[in-house]
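Here's a quick walk through this model, meant to be read with the structure open beside you.

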Amino acid sequence: MSLLTRLKGLFQINRVERDLDEELRSHIDMRTQDNVAAGMSSQEARYDAQRRFGNSTLMKEDARAMDIVGWLETTGQDLRYAARMLRKSPGFTSIAVLTIALGIGATTAIFSVVDATLLHPLPYPQPEQLVSVVDDLPGVGAKDVGMSVPEWHDLQRSGIFEYVSPQGFGSVNLTGTSQPTRARFSAVAPNYFALLGGVTPQLGDTFNPEDQTPGFTLEVLISDGLWKRAFAADPGILGKSLRLDNDLYHVVGVMPPGFHDPGRTTEERNTEVWAAAGFAAAPAPPPLRKSHFLRGAIARLKPGLTIAAAQSRLDALVAALQKQFPDDYSPQSAWTVRLVPLKENVVGNVRQSLILMLGAVALVLLIGCVNVANLLLARTSARGREMAVRQALGAARARLMSQLLTEGLLLSLVGGMFGLAILFCTKAFLLQILPDSLPRLNEVSVNWAVLLFALVASLLAGVIFGLGPALHAGRPDLTHKLKQEGRGSTGSGEQARTRRVLVVTEFALSLVLMIAAGLLLRSFWDLLNVRLGFNPQNVIAVRLWLPIPNDPDTDIYKTPAQEAAFLHEILRRCRTLTGVEEVAVGDLAALPLGHGRDDLNPFPLILEGRETPSNQAPLVDASIVTPEYFHLLRTTLLRGRLFTESDNEKAPAVAVINETFARTYWPNADPVGQRLKLPTPGDRSSFAWTTVVGVLADAHTESLAESSVPQMYLSLYQRTAKDLAIFARGQLDGAAIPVELREQVQSVSPELPVFGAQMLNETVSASLSERRFSMEMVGLFAVTALLLAGLGIYGVISYIVSARTHEIGIRIALGAQNRSILHMVLRQGLRLAIAGAAVGLVGALIVSHLMAGLLYGVRPTDPLTFAGVALLLIAVALLACYIPARRAVRVDPLVALRHE
Amino acid sequence: MGEALSKPKSDVLQGTLALLVLKTLARGEMHGYGITLHIQQVSSDVLRVEEGSLYPALHRMEQDGWISAEWGMSENNRRARYYRLTAAGRKQLAEEEKNWSRLTQAVATVLQFAQ
C-alpha cells in the first residue's frame, strides 16, 4: 500500500472500516450460500460461516492495529473513554485538576523567571563575547580595585579585545529642565555602544567610537525614561542643551525603551544619561598607572576568541607589564586581571536564591503529583472488577495499561492548561510582587521555552501518576480480582501498600520544604532583630548631591571651608523645622544600610610606624560626617571623644574609628592618639597625618549580617564630600518632612535636587527585601505542601477505615471502647507520619547543607527547627486522621456486619 | 482466559499462509472466499485456512506491496474485493518457493539420517 493510500486512509477512517465490514460480510454470505447448497439449514449455514471467523472484532482490531489509522482510533477511543470516566466523578476530577493546575502554574511561573534571568543570553549581539574586566590585588587581599587609564589603553592595544570601555555609574544633578532633578548617570568610553553592539537609538546617534577627547565630550545620550520624565518626550530633543552638575552638554540621541545597561544593581541597569570621556582630563585625576580610579570595565573579545584563550593571553600581558613597570606593581600585591562573562555580573547574586525557589516549587509540584497518584490509585482499585472483566473478555494487558496512562495524561494536560490559564491571568500581579532588585525583570515573559516547559512538566506529571494505576491494572491476577466481591475500596494488599508508601513520600517531601522554610524564617527573624548598634527610629534621611563640574575651578564647594559654610547654613535652617530635634549631615557611605558598594570611600591604610607603600596597603572604608551624626544615630562612644566644631580645615586632621578597626590594627595599644596617613582631599597622591581621637562600638551599618567590619569616620569640615545625606531626628510628619527639608535646602541653593527621602527604619528593612521575598515564597510553598500532605494522609486513612468497617463493627459488637477504636486508627496514621518524618529528616539535612549559604545565625542542623517542624507535621497528621477516626467510632455494628 | 484469545499465531503457519495465498493468486485474481475454497480444494481438504487469520494476512501482504486489491462483482452479483499479485509479489513468491523447498529438503535429510 503506498504512502498516499495510507494517508488517504487516515482521512477516511470510517470508509476503511465500512469496506472491511462489507468484505467480511460478503465472504460470510458466500459461504452461507455454499453451506445451504451443501444441505445445511439457513440458520446453521450462517452460524457455521460466522464461527469460522472466530472473534471478528478481534480480527478487525488486529488488522487495524497495523496502521496509523488504527493507532489514532485507539488513542481517540482511549481519550473519549478517559474523558467520560473523569466526567463521571466531578469531585475527584476537580480536586485533581486544581492540584495539578496550581502545581504546574507555580512551577512554570518560577521557571519563566529563571529562564529570563539565568538561561537567556544577554540581549546584545554575540553576548558570549562580552566580559567584564576585573583587577585584583590578591596579595593584599583586595578584589576589584579598579583600573587605571594606562592599563585601559594597554588592554585596548593588546589585540585580545575588540573594544574595552570603562563603566562608571553614578548620578548627576540635571538642571536646565523644569525642575532640578537627580539622574542616574553612566560615564563610558566613546566605543561603549559599539562594544555592546547592535543598538540603534530611537532618535539620533550614539557616540563616535573614534572620538579621542581626553575629558568628557559635549554629547550625551539619554534614556527613553528620562526623555519622558524630564523632557515630556519632546520630539525636538536632539541638540537641546542641559546641565549635568552645572556643566553644559547637548543631547545627541535617545535610547529605545527596552535598553538597559548590563549593571549589577537595578540602579546601574536603569541608567538615564550616558556621557563619553577619555578619562584623561578633568574631572578625572591625572591618568597615572597606579591611580586605579576607573571603577570597572567591560570589553568585547575579538571574534573567535574564547574567554579561556583570552584569559591566558591576558595573564601573559599582565606579567609583561609587571616587569615593565616595577614601581607601580609591587610583587607582593600580585596584580591580576580576570575576565568574567558579563552575564555573571548581572545575575550572579540571585542565582542561588532562584535555584532554591525553583527547587522548592518543584517539590510542591511533586507532592501534588503524589497526591493525585494516590487518588487515582484509590479509584483504580475501585475499578478492579471492571478491569478484570475486560481482561477476561479479551482485552490485551497493554491496552488496559495504555488506557489508564491516557487517563493520567489527560488529567495532567488539562491541569497544565488550567495552570497556564491561571498564570496568564495573574501575570501582571505576579510581576509586581517580584522584588525590584531582580535583574532582567523586563525580560520575563511567557515565551516558547516556558510553554514547552509547562507541556513537559504536565506530561511528566501525567506519566508519574498514571503509571502507578497502570502498572497495578496490568497484574494478571484475574480470578482474585473477580472474586473481590465489591470490597473494591482497598483493592489488593499490594495497592494499599503502594498508597501508604506514597503518603510517606508526601510527608517526607513536605518536611523537607517546611524545614527549609523554617530555617529561612529564623535567619530572617534573627537578621531583623539583630542589635543594630544604632537607633533608626524616628530618623529620616534625604539625599543631596553637590554638583561636580568638570572644571574644578568653577566648583563653589571645592574646599572644606566652602562646603562647611554651606553645611552650617543647611543645619541651621533644618533645625528650625517643627518636630525636628537633631540634624546631621553625612556622605552617602554614612547612610546605614542605604548605600551600595560603589558609594564607599576606600582609603589605603598607612599606619604610623608600620608604613607600607600605598599600593600595597590594605584598604579601609571611611564615612565622612558632621559632628552631630554620632549622637543623632545614638552610636556608643567607647573611648576618647567625637568630632567637635573646632575640628575644621585649619585644625589637625582627626578620625574616629570603630572597635573592629582598633582591634585589627592596634590590638595591644590604646588606639586613641595613634596616627595614620590618609591621602589629602583633592590630591590622592599626597598624604597627611590623621590622629585617631575616639573609638565607637561596632554597629551594623554595612550589612545586617556582618558587624565586624573596620570602619573609620572623618569630619565633613575637614574633607569634602559631594554625595550627601541629611539626617533629621524628631517627631516627624512622614509626608511633610521631605518637602520641608527640600525647601530649606533650596532656599540656600535653588538648583540643588533633594531626593530619595526615606525613614531610616524602612532603609534597614528594605536591605532585607530579597531575603524576605525568598522566605515568603518558600514559606508559601511549605504551607501548601503541608496542606497537600495532610489531605493525602486524610485520604489514605479514610480508605483504611472504610475497608476495615467490617472488622471495626465486629470489635464494637464485641465490646470495644470508643477510645480503643480511636487509638487504633490514630496509631495507623501516626505510624505513617513518623515514617514520613524520619525519611524527611534525612532529606532535610541534605537540603539544609546545600542552602547553608543563605542562612544567618542558624546552623544548617539547628535542632530546634528540625524538632519543631517534625512535631508540627505529626500534629497535622493526627488532626487529619481525627475525622476518619471519629467516623470509625460511630460505625453502627449492625450495618457494618452486613457491609460487604 | 483472555490470553488464549489474543495469542499470536505461530510464525510457520503465517509464513505458509502467505506462500499459499501468493501461489493461489499467481493463477489470476481472486476474492478472499475464493482463495479459501481454492486452497481447501486443491489440497483435498488437508489444508483449511483459518478464516480469522486470512484477512489480517491479506491486509499485511497488501501493506507490504505484494498484492493489490480493488472492488468488483462476484459470480453471484455480490460486491467483493478482488486481490491480484504485483510484480513485487511475483518476486516474493519465487523467494518463498525456494525457501520452502530448502526447508522440506532439510527436514527430509534429517529424517533419513535419524533412522
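## The cores of chain A

A nonpolar core here is a set of buried Ala, Val, Leu, Ile, Met, Phe, Trp, Tyr and Cys residues joined through C-beta atoms within 7 Å. A residue is buried if 20 or more other C-beta atoms lie within 10 Å of its own, exposed if 12 or fewer, and partly exposed in between, with C-beta atoms placed from the backbone. The model is predicted, so local features need pLDDT of at least 70 and side-chain atom pairs count only at pLDDT 80 or more, while totals for chains, interfaces and linings use all residues. Residues are numbered from 1 along each chain as its sequence is written, with chains lettered from A and ligands numbered from 1 in the order in which they are written.

The largest nonpolar core has 97 residues, and A:Leu511, A:Leu513, A:Ala516 and A:Ala785 have the most contacts inside it. A second, separate core has 66 residues, including A:Leu567, A:Phe603, A:Val654 and A:Ala728. Of the 900 residues in chain A, 41% count as buried.

## Two helices side by side

Chain A comes to 28 helices and 22 strands (DSSP runs numbered from the N terminus: H or I, at least four residues, for helices; E, at least two, for strands). Take α24(A), residues 769-803: this helix packs against α27(A) at an angle of about 25°, with the axes 8 Å apart. Axes are lines fitted to C-alpha atoms, for helices over the stretch in contact, and angles run from 0 to 180 degrees between N-to-C directions. The two helices therefore count as roughly parallel (under 35 degrees; over 145 is roughly antiparallel, 65 to 115 roughly perpendicular, and the rest oblique).

## Zooming in on A:Pro884

A:Pro884 sits in helix α27 of chain A, which spans residues 863-889. Is A:Pro884 buried or exposed? A:Pro884 is buried, because 23 other C-beta atoms lie within 10 Å.

Setting aside residues up to four places away in sequence, A:Pro884 touches A:Tyr794, A:Ile797, A:Ser798, A:Val801 and A:Val825 (contact means C-beta atoms, placed from the backbone, within 7 Å). A:Tyr799 is 85 residues from A:Pro884 in sequence, yet the two are 8.7 Å apart in space, C-alpha to C-alpha.

In chain B, three strands make an open antiparallel sheet in the order β1-β3-β2. Strands pair if DSSP finds at least two bridges between them. Seven bridges join β2(B) to β3(B), residues 79-85, and B:Ile67 has B:Leu85 as its bridge partner in β3(B).

Notes. Contact = placed C-beta atoms within 7 Å.
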